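Dear colleague,

My notes on them come directly after.

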Amino acid sequence: MTITITAFERSPDGGKGLSRDTRVRWALEEVGLPYEVRPVSFRAMKEPAHLALHPFGQIPTYEEGELVLFETGSIVLHIAERHPGLLPEDANARARAITWMFAAVNTVEPPILELVTAKILEGDKPWRAERLPLVEGRIRDRLAQLSARLGKAEWLDGAFSVGDLMMVSVLLRLRPSGILDQVPTLAAYVARGEARPAYQRAFDAQLALNTKPL
Ligand SMILES: N[C@@H](CCC(=O)N[C@@H](CS)C(=O)NCC(=O)O)C(=O)O
């Protein structure tokens, strides 16, 4: 069955791989599933045809036959549960991998998104200068905790899993701020994720879309 995802016709990052279709592409590449991409413009994302797929008018969406999904956590988990490669066989290890995936989107990503809000969306507001150090502090606390848990391990819990895929994807969003590189354990962890051939294929595909003439 054909899998179709949506992605920005032109990502605001110009193809640095930070838009969230990249994590879905990466999951599909890890399990070896072919997929198609339907690029959408910012205007089309808010129109009824796209809102029928994604109630919040965002990307990515995931279509597979009659199934339509939104939210990258749900999409990536759906892929991981149905195809070998991203979840361990052992039931407890599986549950822990899923826990790390939720930790990535629920605990680590929110302060990182706050930074984007403080710097870009609210960059011209009078509270920016006061807010920024608070947000950066919250991110540094999370990174210190994550780094302490990872320690010298290659991945968060045994072999590479959906938990690492999501955690690396979330941490990558921090790279432009310079904060990630200040935590060498996590910078190296993210680099290991990026070095995976499946990530490379996902990255190259989103870059090709973002640099293709419109
Ligand atoms: N929690 C959602 C967030 C989706 C999201 O924020 N997508 C961004 C692109 S990375 C988007 O569509 N932004 C445009 C908008 O919100 O109008 C997920 O993980 O799928």
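Predicted model: local features only at pLDDT ≥ 70, side-chain atom pairs only at ≥ 80, totals over all residues.

Residues are numbered from 1 along each chain as its sequence is written, and side-chain values use heavy atoms, with hydrogens and water left out.

**Ligand site**

Around the ligand lie Phe8, Ser19, Arg20, Met45, Lys46, Gln58, Ile59, Glu71 and Thr72 (near meaning that a heavy atom of the residue lies within 4 Å of the molecule). This shell divides into three nonpolar, three polar and three charged residues; Ala, Val, Leu, Ile, Met, Phe, Trp, Tyr, Cys and Pro count as nonpolar, Asp, Glu, Lys and Arg as charged, and the others, Gly among them, as polar.

An N or O atom in the side chain of threonine 72 is 2.6 Å from a ligand oxygen atom. For glutamate 71, the side-chain N or O atom is 2.8 Å from a nitrogen atom of the ligand. Of the 510 Å² of accessible area that the ligand has on its own, the protein covers 78% (Shrake-Rupley method, 1.4 Å probe).

**Pocket and cavity**

The ligand sits in the largest pocket, in the sense that more than half of its atoms lie within 2 Å of the pocket's grid points. Both kinds of space are found on a 1 Å grid over the protein atoms alone: a cavity is a set of points where a 1.4 Å probe fits but cannot get out, a pocket is an open set with protein on both sides within 12 Å along at least five of seven lines, and lining residues have an atom within 4 Å of a point.

The largest pocket has a volume of about 1,000 Å³, a volume being the space filled by probe spheres set on the points. Its lining has 37 residues, with Leu18, Arg20, Leu113, Val116 and Arg173 nearest the centre. Helices here are DSSP runs (H or I) of at least four residues, and strands (E) of at least two, numbered from the N terminus.

There is one cavity of 30 Å³ or more. The largest cavity has a volume of about 80 Å³, and its lining includes Trp26, Ser169 and Tyr199. H1 gives the most to this lining, with three residues.

**Backbone geometry**

Most residues other than glycine have a negative phi, and most peptide bonds are trans. Isoleucine 59 and proline 60 are joined by a cis peptide bond, with omega about 0°. Proline 60 is found in the loop between helix H3 (48–51) and strand S3 (61–64). Glutamate 71 has a positive phi, near 75°, and is found in the loop between strand S4 (67–70) and H4.

Yours sincerely

Methods: Polar contact = N/O pair within 3.5 Å; in protein donor to acceptor, adjacent residues only side chain to side chain.
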